[in-house]
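Dear colleague,

I am passing on the structure below for you to look through, and my notes on what was found in it follow.

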Amino acid sequence: MKAAVPHCTGLKGALTERLLLPGTLLGTLSLTVYALQCSRRPYKIIYYEIGIIICAALGLLFVVLMPLVGFFFCLCRCCNKCGGEMHQRQKRSGPFLKKCYTISLLVICVFISIGIIYGFAANQYMRTRVEETRKLSDSNFNDLRTLLNVVPGQIDYILDQFTHPKEKAFDDLDNINSLVGDGIYEHLKPKVLPVLKDIKDLAKDMKANRDTLVQVNTVLTDVKHSSAYLRTSLRDVKTSMEQTLTDPQCSFPAVAPTCNSIRKSLSVLDDSANFDHLPSLDGHITQLDGLLQTDLSSLVQKANESLSNIPEEVQNQTRDFITEFKKTLNSIQSDVKNISTKIPIQKTLSSFVRYINNSEDYILHYLPTMEECDSYRWLVCLVVCCLLTLILTFYLLGLLCGTLGYDQNATPTRRGCVSNTGGLLLMVGAGFSFFFSWMAMTTVVLTFVAGGNMEKLVCEPYRNKKLFQVLDTPYLLNEDWKYYLSGLVLNKPDVNLTFEQVYSDCKENKGLYATLKLDHIYNVSEQLNITKHTGDINSNLENMNIRIEDIELLDKTGMKTLMDLRSSGIDDIDYAAYLNATERSPTRVNLISFANDIQRKANQLPSGRLKTSLKSHADTLINIHQNQVIPLQNSMSTMNKQMKTLHYRTSGLKVRVSTTIFFLNSTQDFLTSQLSKIVVEESKQFGSKIISYFEWYLQWVEMTITQQFAACKPAATAVDSAVNVFLCSYIVDPLNLFWFGMGKATMLLLPAVIFAVKLAKYFRRMYSEDVYEDDPVNKVQSKPRVQTVPGVQTVPMVQTVPMKKAL
């Protein structure tokens, strides 16, 4: 609903041009007056203006009455009235009144001096700051131009950053073998490598078992031969010794016990180890030889090579895809760069450049006039301050001379020249007060009306942002537009673009795009639609068909070899029989001990053929032990160790092989069913990684353009400089300080005149005085005698009350 105000229509045409001059004092004042006059609640302004009008009326009343009062006061004084007679009546309270008048006038002078100091300071401060206006405006316009000039470069810089994600994508595409191929390999490795390792270990153990069986079989043959040979040797020795014991000498009573003892011990001359019952291992060796014809290690190595070649296979299959995909990315980069030509920021900036140039021309055109006017103002205010200073000087000199020259013992007609001069200076100050105070008050009223209104109508509303709220009132600045700023900038007056929002956003250094809501003209979010651009990338990534041929971990021959190994029966060998046989001693008795016992017994026999034969047999047994028993023991020990090792390796061979076959089958099924899925998953991850680069970039571009691009804090600074700094700080604040100080000083001239006139009576030399003749006895009042000064008219005699002590 429009809220047009009839009386605002006439102002609109003239003020619209002023509104287009941001940063100018005239534009600000015109905008404020227009807004306040057209606001929906003018009663607040009227209520405030009543106070200003009343104060201004009182000031004007002071301007009119002060000269009139001074004129009539002078006439009255000339007629020897109003204290004009040069005769001072003697009063008891005279000294006290003089002191009161002196102190009061001195205090008033101090306050007047403070006000004058305020006036001088404010006047000079305003003069100095106005002289700095050109530098301030140049600085702000330079900042604004810098802002506008860097905007196109910022856009190009932002869009050129597309190179970074593109280069990352190119690097990933060039390393697709490691990013995708290694990923596939890493997925398969935990499943496949343990199975291949088990097969390789089985092949290694199978070869080791075959070698061990050959060694055991060879040792077994040697042991059987050595055992038979030992058995024959022991039997021959035993037979020979039995024949020796048939010697007639054994029938002698002394020899018979020894022969019988040796004959009984011959029963232990027999081998205890019999290896004939141990079967040969040729069958198992032959079976393993048949299994080893299939090189399981080579088959495992082939499977490992198939896995290791996955990255290379990926590289080969995606070579054409990478070339096409790079072309697509280059095309997308061209589309992104073309966005800068579509963003209407240049058109908007050209409008702002025109406003800035017009504003600067306007300021440069009127700045000399303003400086000239300010020099006149400065001169007028300086003259007013000097006049008040002159009046204050007369008062202070009068107080100084009157106080220093005053003699309590001197009669009014005999006061000194210094005292009389002080009184005259006080009267001159009073006369100047009547003559010049109206000028000072006129200046105060003018500065008060101007400074007070600008403070309340511009500065204070600007600081609390109520001024922006008034300006943002719908249909206020243009009855056809709901929001004036959006109609001016966007040509869409229905968009909620307000002065307060723009100022606040620029104060926070937000981007020009978001601040001015340029998305209603050109929506960067739609043009930089992530889905649109990444959709092209996705469609290209979907064409990345990677096919990994089924990896065969073990062929049929290798599988048959494992099954044959499981049924080979190597783990069914009677290891206990072999171990028991090899853990026994080759003989039932230690031949060395037995031979030593024979020699000991032979030594008990008398010398002869029997003794010699028995010793010869003992030496034969020792020789058998050294040449046959010890080698046989070594062979049996070696065979025992080999059988233990073989038993350890073949223990649970069927379960081990069965487990390996099970995991081999399950892993092969996993490769058959999941390999393609793993390839697809790795391809998607690779594509997601590529897309993430551009998603991040496009999001960054959108955020930068909409929030950080062309940070408009210089615009807010320029407005602050024009209103808050130049208008309020440079002009309004010193202006208000001036009228406050000078107004206080001017108003204090009223009591200063009164006290000065009263006090002058006590300092000036009188033409006549009261003289008393006191009669201490009768205390009868006598007629006073009037003393006259030669050449001066005699003042009529007055009756006075006698005083005890003449003043």
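What share of the contacts in the protein with a separation of 6 or more is accounted for by residues 24 or more positions apart? The share is 87%, where a contact means heavy atoms within 4.5 Å.

Before the details, please keep in mind that this is a predicted model, in which local features need pLDDT of at least 70 and side-chain atom pairs count only at pLDDT 80 or more, while totals for chains, interfaces and linings use all residues. Residues are numbered from 1 along each chain as its sequence is written, and side-chain values use heavy atoms, with hydrogens and water left out.

The secondary structure consists of 28 helices and two strands, taken as DSSP runs (H or I of at least four residues for helices, E of at least two for strands) and numbered from the N terminus. Of the 807 residues in the protein, 44% are buried, a term that stands for under 20% relative accessible area, with exposed meaning over 50% and partly exposed the range in between (1.4 Å probe, protein chains only). The accessible surface comes to about 41,400 Å², and carbon and sulfur atoms hold 57% of that area; the areas come from the Shrake-Rupley method with a 1.4 Å probe.

Turning to the aromatic rings, the count comes to 17 aromatic pairs, where rings of Phe, Tyr and Trp (its six-membered ring) pair if their centres lie within 6.5 Å, and planes under 30 degrees apart count as stacked, over 60 as edge-to-face and the rest as tilted. The ring centres of Phe394 and Phe432 are 5.2 Å apart and their planes stand at 80 degrees, so this pair is edge-to-face. Phe394 belongs to helix α14 (residues 345-405) and Phe432 to helix α15 (residues 417-463), so that the pair links distant parts of the chain, 38 residues apart. Phe394 is buried because its relative accessibility is 17%, whereas Phe432, at 26%, is partly exposed.

Tyr462 and Tyr503 also form an edge-to-face pair, with 5.7 Å centre to centre and 65 degrees between the planes. This pair joins Tyr462 in helix α15 to Tyr503 in helix α18 (residues 499-507), 41 residues apart. Tyr462 is buried at 4% relative accessibility, and Tyr503 is buried at 11%. Elsewhere, Phe162, Trp696, Tyr697 and Trp700 make up one aromatic cluster.

Finally, the charged end of Arg127 sits over the ring of Trp378, 5.5 Å from its centre, by a rule that asks for NZ of Lys or CZ of Arg within 6 Å of the ring centre and within 35 degrees of the ring normal. Lys191 lies over the face of Phe670, at 5.3 Å from the ring centre.
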